[in-house]
Protein chains: 2
Amino acid sequence: MRLVKRIAQLRKTIISAKRRGKKIGLVPTMGYLHEGHLSLVRLARRKCDFLVVSIFVNPAQFGAKEDLKKYPRDLSRDLKLLKKEKVDLVFNPLAREMYRDGHQTYVEVVDWSKLMCGASRPIHFRGVTTVVLKLFNTIEPDLAVFGSKDYQQAVIIKKMVKDLDLRVKIVTGKIVREKDGLAMSSRNKYLSKVQRKNAVVLYNSLKWSRRAYIEGLRDPKLAVNKMASMIKEKQGKIDYIALVDKNTLEPVKKLRKGTLVALAVFFGKTRLIDNTTL
Amino acid sequence: MRLVKRIAQLRKTIISAKRRGKKIGLVPTMGYLHEGHLSLVRLARRKCDFLVVSIFVNPAQFGAKEDLKKYPRDLSRDLKLLKKEKVDLVFNPLAREMYRDGHQTYVEVVDWSKLMCGASRPIHFRGVTTVVLKLFNTIEPDLAVFGSKDYQQAVIIKKMVKDLDLRVKIVTGKIVREKDGLAMSSRNKYLSKVQRKNAVVLYNSLKWSRRAYIEGLRDPKLAVNKMASMIKEKQGKIDYIALVDKNTLEPVKKLRKGTLVALAVFFGKTRLIDNTTL
């Protein structure tokens with residue numbers, strides 16, 4: 001497994017792999033890897049010949065008051081984990097390598113980037129799509145794998161690919177959960193013991209929505225109210241609870257099969273997201 | 001010479017040309033071709049094996065009150081001219097082929113797109129960079145040729161290429177002028193006889209600035225004032241006269257070798273641009 005820090009070096013290696021007819025796969029991450037990431041790596045490994053994992057805590061997707069500086073990092077542990085998964089190349093650039101002096105070009109999926117997570121994080125998705133497009137341009141992967149916990153992110157990236165005529169195939173992996181149901185996230189590390197326990201309510205409220213739908217609930221407002229009260233009982237501060245079309249992210253008037261139930265909730269200063277489909 | 005309307009068909013043809021080891025060149029145009037365009041086509045022809053010219057009046061770069069609908073078009077004449085230049089493929093998509101239902105992804109060189117032409121045309125360069133990126137993604141040209149009359153456009157496209165790690169080489173051609181010095185433009189067609197005569201003042205004011213610089217003028221304000229009075233005398237309504245660094249587009253405090261002198265002026269409803277470097 002090679003560790004590469006420079007775009008030019010990465011490019012060289014990729015060109016050589018392409019010349020040898022290799023199918024290139026990419027899993028973009030911010031590092032501090034958990035089983036969720038590793039499940040994506042395994043999924044990508046099965047579908048390509050030359051697997052690149054990027055580890056880059058992307059400043060462009062953090063707001064001024066967000067956790068860029070304290071975002072957890074552990075490169076040597078990440079590298080050990082990725083070696084076990086038979087990754088071919090890890091790309092771990094410095095911020096100034098990705099955003100050179102005077103960088104001012106951004107790509108944005110303008111409408112969907114304002115919804116849901118975008119409402120409280122206005123530059124977040126612009127930062128995500130920009131860095132992902134840069135990685136796509138450098139690596140030219142045949143496929144790229146994204147997680148489903150960041151469901152909106154995956155929808156937005158698929159839209160960018162379609163609108164900009166990119167030819168990479170976007171594959172999504174399933175959410176991986178702790179034993180008690182909490183979705184795995186690098187940010188779970190921020191939680192106190194009590195918060196960690198309380199945070200299971202996110203999964204429980206999503207499970208409740210699925211069960212209620214099966215039992216006949218169709219009114220999205222009733223669902224939101226019930227979920228909100230469950231979450232507040234556990235000291236969660238709700239950023240949003242959205243019941244939307246899973247393809248267009250438009251709020252639904254009536255719950256139906258496939259409706260996306262997505263939420264973002266603060267426990268203390270830690271913002272967690274999770275989702276399910278009915 | 002092939003005429004292609006569909007992205008999928010274009011893609012197929014390009015892939016086949018690439019397989020045969022062809023170096024791909026692209027000249028993006030909005031059609032209604034004049035000698036300025038043709039000089040770019042000839043420049044590209046000399047530098048590549050497979051030459052694509054796109055003809056697409058790009059709605060995304062026109063403001064709501066601009067001349068999208070009346071922008072001049074003459075495809076059959078354009079095709080005859082391009083055939084003579086031994087172009088391999090003309091790509092002439094419909095607007096709905098380039099911007100499918102629900103299109104919402106845009107790329108923007110955010111700072112420079114606000115300056116100069118961007119001040120009075122706020123969405124213009126966002127539209128240009130978006131359509132050019134789409135063409136780059138579809139055609140994957142080794143080189144693309146742009147004119148220098150749209151100097152700011154060329155600077156912005158080079159910046160996009162750098163910031164997004166694209167590998168296309170951007171080549172710029174020289175401004176081609178009518179005998180009396182007016183820069184060739186598809187929009188010159190809009191001018192009345194009197195306006196056409198008066199419009200030569202743009203070139204004359206640029207020539208004046210070069211001469212004045214050689215004779216020792218260093219104050220940009222004095223230069224702007226003199227040029228403005230020359231232009232107003234000929235019923236030109238000034239959008240801007242800019243004396244800026246040719247690489248960063250920043251206003252200069254003192255004229256120096258290489259300073260870009262650029263202007264946009266209305267004659268009636270017709271907005272013309274031109275520029276020179278000192």
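**Helix pair in chain A**

I began with the crossing of α9(A) and α10(A), which is right-handed, a crossing being right-handed if the near helix is turned clockwise from the far one by less than a right angle, and left-handed if anticlockwise. The model is predicted, so I kept in mind that local features need pLDDT of at least 70 and that side-chain atom pairs count only at pLDDT 80 or more, while totals for chains, interfaces and linings use all residues. Residues are numbered from 1 along each chain as its sequence is written, and chains are lettered from A and ligands numbered from 1 in the order in which they are written.

I noted that the axes of α9 (residues 200-214) and α10 (residues 220-233) of chain A come within 9 Å and cross at roughly 155°, with axes fitted to C-alpha atoms, for helices over the stretch in contact, and angles running from 0 to 180 degrees between N-to-C directions. The helices α9(A) and α10(A) are therefore roughly antiparallel, a label for angles over 145 degrees. Helices here are DSSP runs of H or I with at least four residues, and strands are runs of E with at least two.

I then listed the residues that meet, among them A:W208 in α9(A) and A:M230 in α10(A), contact being C-beta atoms, placed from the backbone, within 7 Å.

**Chain A against chain B**

I found 21 residues of chain A in contact with 21 residues of chain B. On the chain A side, β5(A) gives the most, with five residues.

I looked at the strands next: five bridges join β5(A) to β5 (residues 105-109) of chain B, and the two run antiparallel, where strands pair if DSSP finds at least two bridges between them. In this pairing A:T105 stands opposite B:V109.

I also checked how the copies are related, and chain A can be laid on chain B with an RMSD of 0.0 Å by a turn of 180° and a shift of 0.0 Å along the axis, superposed by least squares on the C-alpha atoms of residues with pLDDT of at least 70 in both. The two copies are thus related as by a two-fold rotation axis. In chain A, the C-alpha nearest that axis belongs to A:V107, 2.1 Å away.

**Sheet in chain B**

I traced an open sheet of three strands in the order β8-β9-β10 of chain B, with antiparallel pairing. Both β8 (237-244) and β10 (270-277) of chain B stand at the edges with a single partner strand each, so one side of each is left without a neighbour in the sheet.

Notes
Angles under 35 degrees count as roughly parallel, over 145 as roughly antiparallel, 65 to 115 as roughly perpendicular and the rest as oblique. Two residues are in contact if their C-beta atoms, placed from the backbone, lie within 7 Å.
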